[in-house]
Amino acid sequence: MAAVDSKRQLKIKTGVVKRLNKELEMYKQEVVDGEAKCEKMKEDKKDAYDIKKFIECINESKAMVPDTRNRLRKAVEDLDILLEDDSLSGEAEFKAAQEIRDLVSMD
């Protein structure tokens, strides 16, 4: 029964790390794309209100980067704890978790 719970937890934590990593990359890309679009709006002399609102959207995305990074760091720590248990080392879930862990770098 404990092995089933550990296996289930490993699968859940792996999914969390995978999702948060994808989220972090999306927010970073959203900031880069948004800043480029904002510059283009300024060059094209778009309405000042539209530019202001777009900058607010960019700032929201910028604020999400550190928050998502912190949640990812915590999720990776939780996954690392589960990966320390070698009782599941032969399972497919363990291998998948190990691959995701190797993929995610905490800079």
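This is a predicted model: local features need pLDDT of at least 70, side-chain atom pairs count only at pLDDT 80 or more; totals for chains, interfaces and linings use all residues.
The accessible surface amounts to about 7300 Å². Carbon and sulfur atoms account for 54% of this area, and 26% of the 107 residues are classed as buried.

The secondary structure consists of three helices, with zero strands. In sequence order, the arrangement is therefore α-α-α. Along the principal axes, the C-alpha trace extends over about 65 × 20 × 15 Å. Of the contacts between residues at least 6 apart in sequence, 72% link residues at least 24 apart.

The cysteines were examined for covalent pairing. A disulfide is a covalent bond joining the sulfur atoms of two cysteines. With a cut-off of 2.5 Å between cysteine sulfur atoms, the count of disulfides is zero. Cys38 takes part in no disulfide, and the nearest cysteine sulfur, belonging to Cys57, is 10 Å away. Because the sulfur of Cys57 lies 10 Å from its closest cysteine sulfur, in Cys38, the separation is too far for a bond. Cys38 is buried, with a value of 5%, while Cys57 is partly exposed, with a relative accessible area of 44%.

Key
Residues are numbered from 1 along each chain as its sequence is written. Side-chain values use heavy atoms; hydrogens and water are left out. Helices (H or I, at least four residues) and strands (E, at least two) are DSSP runs, numbered from the N terminus. Buried means under 20% relative accessible area, exposed over 50%, partly exposed in between (1.4 Å probe, protein chains only). Contact means heavy atoms within 4.5 Å. Accessible areas come from the Shrake-Rupley method with a 1.4 Å probe; for residues, only the protein chains shown count as cover.
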